Amino acid sequence: MRTKADFERLLRQGVRRSVDGFTFYLGHRDAGLPRLGMLVTRKHASNATDRNRIKRCIREAFRLEQARLGSLDVLVRPPYGARGDARMLGRLRDAFQMLGSR
């Protein structure tokens with residue numbers, strides 16, 4: 001997702017799910033590939049390299065699980081104090097698998 005309107009639509013009208021500390025805002029579409037949006041602010045990690053590491057983990061988990069999601073818009077907000085590491089990647093993959101099965 002690239003436009004501010006898409007983000008705002010999901011925040012206002014999307015289905016909100018909390019899984020393992022992560023907050024997901026979901027919106028179903030009729031057709032197309034799944035799309036990803038991320039909300040990672042300085043409150044999540046004050047250091048820019050930490051924020052980028054978190055975003056890389058989210059993108060990688062989405063890339064690995066996107067075939068199961070169908071035509072879904074997903075906006076991800078990580079928990080505050082999250083660390084972008086292999087454990088986070090595993091937790092996100094599990095969360096995306098769970099969201100794809102619904």
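Mentor: Keep in mind that this is a predicted model. Helix 2, residues 48–65, lies across strand 3 and strand 4 (72–77). Helix 2 runs at about 165° to strand 3.

Trainee: Which strands does helix 3 lie across?

Mentor: Helix 3 covers residues 86–100 and lies across strand 1, strand 2, strand 3 and strand 4. Its direction is at about 35° to strand 2.

Trainee: In what order do the 4 strands form the sheet?

Mentor: The general idea comes before the case. Strands of a sheet pair through backbone hydrogen bonds, in a parallel or antiparallel sense. Here the order is 1-2-4-3, in an open sheet with mixed pairing. Strand 1 (15–19) and strand 3 (35–38) are the edge strands, each pairing on one side only. From one strand to the next, the twist averages 25°.

Trainee: How many bridges join strand 1 and strand 2?

Mentor: There are 5 bridges, and the pairing is antiparallel. Strand 2 spans residues 22–28.

Trainee: What lies in the loop between strand 1 and strand 2?

Mentor: Asp 20 is found there. Look at its backbone. Most residues other than glycine have a negative phi. Asp 20 is not a glycine, yet its phi is positive, about 55°.

Trainee: What is the relative accessible area of Asp 20?

Mentor: The value is 46%, so Asp 20 counts as partly exposed. The cut-off for exposed is over 50%.

Conventions. Residues are numbered from 1 along each chain as its sequence is written. This is a predicted model: local features need pLDDT of at least 70, side-chain atom pairs count only at pLDDT 80 or more; totals for chains, interfaces and linings use all residues. Side-chain values use heavy atoms; hydrogens and water are left out. Two strands pair if DSSP finds at least two bridges between them. Helices (H or I, at least four residues) and strands (E, at least two) are DSSP runs, numbered from the N terminus. Axes are lines fitted to C-alpha atoms, for helices over the stretch in contact, and angles run from 0 to 180 degrees between N-to-C directions. Contact means heavy atoms within 4.5 Å. Buried means under 20% relative accessible area, exposed over 50%, partly exposed in between (1.4 Å probe, protein chains only).
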